[in-house]
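This report describes selected parts of one protein model. Look at the sequence and the structure first, then read on.

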Amino acid sequence: QVLVYDLLFGKGLKCGGRWKALARRHRARLEAELARLKVQQKVSRNEDLLAPARAASPGASQVPRYVRVNTLKTCVDDVIDFFKRQGYSYLGKAASVEELRALSGKKFLLDLHLPELLVFPPQTDFHDSLLYTSGHIILQDKASCLPAFLLGPAAGSHVIDACAAPGNKTSHLAAILKNKGQIFAFDVDTKRLATMNTMLTRAGVTGFQLAQQDFLTVDPGDPKYSKVTHILLDPSCSGSGMVNRVPREEAAPSAERLQALAGFQRKVLSHALSFPALRRLVYSTCSLHREENEDVVRAVLQERGSAFRCAGLGGDGTQRRVLRGSVLTLVPRHRLVNAFPSWPCRGLAAFPGAESCLRASPADTLTHGFFVAVLERHGEGAAAPSSLPAAAEENPQHGEGTKAGAAPKKKRRKKQRVK
């Protein structure tokens, strides 16, 4: 069926061998049947025979095409120049989400939040572009770029990507690290890991170790991970926020399914927080459900508080115990960071402080539905929590101070130029 579709409706046969020969041998008969079918259906174009494309969700058609520049191979300025030579019109840095919404034709913008993200009109296809096939650009939704950006490990850091495949976030981490440091990436699926290895190699990523292993079985006490200071945790979820994957008529996950997912997510988040040198962790899902998002974060913060041997946990996430008739408030070991204060959509009011979390949606942020929470270790020997990742503090271009319309500065060390 795929071969017949490619032969009659697509761009021709790209396969080889006996299947291609077989399809070509019957081409005349297939085309005759196609002509007869168009007569029966009273249509003149092949496209009119195809079933109308099912909208994945109400917001799918308005989500722009986001293109992340892979700074391991090139720079933003060179990619912008390349697209301009391809006939696209560059409009500068966006000042608002409404500017992204108004994009049409062959026009594109630099994203208003993420400094290495270009924005094109919805359905713009770059899968055949030389930049994509060579790994100079990564086709990645804006919301999916938030976890690595907000984790923001400094160059030289040791990082765990706990549920890594298919690898877009891993390659983003490597770009932030500038290939300096170490990434440990885990996934249980052999085929997904193989695909991920190919993608990371194409993107020019070095200094990574892939392991076919359930992250829950990784020993935090293993000396190999003694220097891990950052963890990106994007566990399995309902996927209810993926506008291009979930048909609108698909039933919502049952309460039992959500509880099972949330149980796993709580377990894996708690496990991640047990790594001894951990300083910063990002927990994210592509789910819209509170059970997988705010409720998971609250439950784990409460659970981790028990390690302080306190009598109880306050509603604000702090531990309290009675000391000679007075209440002593203890600082929690991990706490939420009010990350990315300029981001418009915050967490649901499931508990005090939940507004520190981020949410994303097609309607409000022109992205897939997403949830992100940033946790930092706080206490003796730990740095004070920051709303900006370490990489953003080192590199002003990641911060809030970039002026609208300003082009990113070229890096001193020359990258591989896009020809």
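## Ala165

Ala165 sits in the loop between strand 6 (158–161) and helix 8 (168–177). Helices (H or I, at least four residues) and strands (E, at least two) are DSSP runs, numbered from the N terminus. This is a predicted model, in which local features need pLDDT of at least 70 and side-chain atom pairs count only at pLDDT 80 or more, while totals for chains, interfaces and linings use all residues. Residues are numbered from 1 along each chain as its sequence is written, and side-chain values use heavy atoms, with hydrogens and water left out.

Ala165 counts as buried because its relative accessibility is 8%; buried means under 20% relative accessible area, exposed over 50%, and partly exposed in between (1.4 Å probe, protein chains only). Leaving aside residues up to four places away in sequence, Ala165 touches Asp187, Arg192 and Met196 (contact means heavy atoms within 4.5 Å).

## Asp214

Asp214 is placed in the loop between strand 8 (208–212) and strand 9. With a relative accessible area of 33%, Asp214 is partly exposed.

## Strand 10

Strand 10 covers residues 280–285, and six of its six residues are buried. Arg280, Val282 and Ser284 point one way, and Leu281, Tyr283 and Thr285 point the other way.

Strand 10 runs parallel to strand 9 (residues 228–233), with four bridges joining them; strands pair if DSSP finds at least two bridges between them. Leu232 has Val282 as its bridge partner in strand 10. Six bridges join strand 10 to strand 16 (residues 370–377), and these two run antiparallel. Thr285 stands opposite Phe371 in strand 16.
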